[in-house]
Each structure stands twice: as structure tokens, then as C-alpha cells.
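Here is a set of exercises to work through with the model open beside you. Try each task before you read its solution.

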Amino acid sequence: IAYSCFEMIPLSFNYLERDLEERLQIINDAIYALKFNTGYYQWGSEPLERQKQYITSLTNDLMDKIPARDYGITFEMLEINSIFLDEAHNYKNLTVAGGKFYEIVGFRTKGSKKCDKMLERVRYIQEKNGNVIFATGTPLTNSLADIYTYQRYLQPEILDFCNLKDFGNWLNAFSEREVTFEVDVDAQNMVLRNRFSRFHNLPEL
């Protein structure tokens, strides 16, 4: 089936509602962690208030995703039990919670709707013990952080078990970053760039 047709098949209202509740719980846990300084969503000297504001905006975005009611045939009614996704690199721009605090050259943290919707469908198939297979000849196109995106799709249980579901924790486990001054595209001004400088635990990754 073409990508465009696949993306037109909606998940049911009940499933999206339950998915929203689970995401909101993750957000609430992050707020709790921020309040008691347990290590989540900490990034340099970024003010905690700005991070809380981001989480609040993310909550509002999730609320807007829920439709008023179901329309026609839903994804669940088709009883799909496997997804084989070719050219999977087209779906690696997932939204990263707290993403604007991880501005790393070569890695996008602001996702697209089609990728977020694909993640919802992948989760549904996984909950039904179905098969999800990603195929691509270019799995890493921008940076090593692309692996994090594929792990979110295909290894959610492992990320949870290793406490690496949060992107900040994942970065700290596998990389070091440095901030350097670079010449901007206009060749007149200097800008700060956050880049990967070293990687750790690559066999484990």
C-alpha cells in the first residue's frame, strides 16, 4: 500500500485516548522529576521553567490530536498484524520530548506528523504481538542519534529497561558533546554549535 493511503487509515478514538493518557503520564513523571531534581530533562544550565513550559505545550499538542469521534473504518477494524516498512528512513523524524534542549547538528528533534502517526500504528501492532520490520539502505543519514529514533520504534522495552527512553539519558550513555563557535552561513557572524565530539559504549549500543 502507498504511504499516502496508509496514513489515511485512522486509529480509533478509544485507542488514541488511551495512548494520550499514557503519554500524559510520562509527561507528569517528567514534571515530577524536574521538581525534585532527579536527573531527567537536565541539560546544562537551561532554566527548569522553560522545560516545564515545553512539556505543557506538548500536552496541549497531544490533546489536539484526539478526534471528536470515529469516522468510517479504523485501523483496528482491518485486523492488521504486521507492518513491513520499506525506505524506513523516511519516518525517522519523530518528535523528541524536550527536544529544543538537545539542539545537536545533524539531528532533528522537531518531528513530523506522519512519523508520529507511524509510531502510534507501530505501537498498536506491537501490543498485539505482531511483527514490525523496517527496511532501509541508509539507516544513518545525519548522525548516530538516528539510532535512537529506530530504537523508539523497534526496541521500546529495552529503552525502558535501561532507563534510556528519555533522549537526554540516551545521549549521556553513548556520547559526549561540545559547544564550539563556528562561522555562520553568511560568513560574517559566529554562532554556537552543539556537536557530538566522542562516543561511548558502542558495543552495547
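**Exercise 1. Which residues is Tyr-153 in contact with, leaving aside its neighbours within four places in sequence?**

Solution. Remember as you go that this is a predicted model.
- Step 1: List the partners. Tyr-153 is in contact with Tyr-91, Leu-94, Cys-115, Met-118, Leu-119, Val-122, Arg-123, Gln-126 and Phe-134, once its neighbours within four places are set aside.

**Exercise 2. Work out how S1 and S2 pair, and which face of each strand is covered.**

Solution. 
- Step 1: Get the sense of the pairing. S1 and S2 are parallel, with five bridges between them.
- Step 2: Read off facing residues. Leu-85 stands opposite Phe-134 in S2, and Asp-86 stands opposite Ala-135.
- Step 3: Sort the faces of S1. Ile-83 and Leu-85 form its covered face, while Ser-82, Phe-84 and Asp-86 form the uncovered one.
- Step 4: Do this for S2. Val-132 and Phe-134 are on the covered face, and Asn-131, Ile-133 and Ala-135 are on the uncovered one.
- Step 5: Leu-85, from the covered face of S1, stands opposite Phe-134, which belongs to the covered face of S2.

**Exercise 3. Classify the ring pair of Phe-6 and Phe-75, and say which parts of the chain it ties together.**

Solution. 
- Step 1: Start from the total, which is 10 aromatic pairs in the structure.
- Step 2: Check the geometry. The ring centres of Phe-6 and Phe-75 are 5.9 Å apart and the planes are at 90°, so this pair is edge-to-face.
- Step 3: Phe-6 lies in helix H1 (residues 3-7) and Phe-75 in the loop between helix H3 (48-65) and S1, so the pair ties together parts 69 residues apart in sequence.
- Step 4: Check burial against the cut-off of under 20% relative accessible area. Phe-6 counts as buried because its relative accessibility is 12%, and Phe-75 counts as buried because its value is 0%.
- Step 5: Widen the view. Ring pairs link Phe-6, Tyr-15, Phe-75 and Tyr-124 into a cluster. The charged end of Arg-121 sits over the ring of Phe-75, 5.9 Å from its centre.

**Exercise 4. Is Lys-92 buried or exposed?**

Solution. 
- Step 1: Locate Lys-92, which is in the loop between S1 and H4.
- Step 2: Apply the cut-off. Lys-92 has 9% relative accessibility, so this lysine counts as buried.
- Step 3: See what is around Lys-92. Beyond four places in sequence, its contacts are Cys-115, Thr-141, Asn-142, Asp-146, Thr-149 and Tyr-150.
- Step 4: Look at another lysine. Lys-114 lies over the face of Tyr-91, at 4.8 Å from the ring centre.

**Exercise 5. Why is helix H7 (residues 167-174) largely enclosed by the rest of the structure?**

Solution. 
- Step 1: Count. Six of the eight residues of H7 are buried, so this helix is largely enclosed.
- Step 2: Name them. The buried residues are Phe-167, Gly-168, Asn-169, Trp-170, Leu-171 and Phe-174.
- Step 3: Find their surroundings. These residues pack against H5, helix H6 (156-161), strand S3 (175-183) and strand S4 (190-199).

**Exercise 6. Where in the chain is confidence lowest, and where is it highest?**

Solution. 
- Step 1: Take the overall value. The mean pLDDT of the chain is 79, and 74% of its residues reach 70 or more.
- Step 2: Compare elements. Confidence is lowest in H3, with a mean of 62, and highest in S2, at 96.
- Step 3: Over residues 40-45 pLDDT stays under 50, and the model has 20 contacts beyond four places in sequence for them.

Technical notes:
Residues numbered from 1 in each chain as written. Predicted model: local features only at pLDDT ≥ 70, side-chain atom pairs only at ≥ 80, totals over all residues. Heavy atoms only, no water. Contact = heavy atoms within 4.5 Å. Buried < 20%, exposed > 50% of the residue type's maximum accessible area, 1.4 Å probe, protein only. Helix = DSSP H or I, 4+ residues; strand = E, 2+ residues; numbered from the N terminus. Pairing = 2+ DSSP bridges. Phe/Tyr/Trp six-rings, centres within 6.5 Å; stacked < 30°, edge-to-face > 60°. Lys NZ or Arg CZ within 6 Å of the ring centre and 35° of its normal. pLDDT = per-residue confidence, 0-100.
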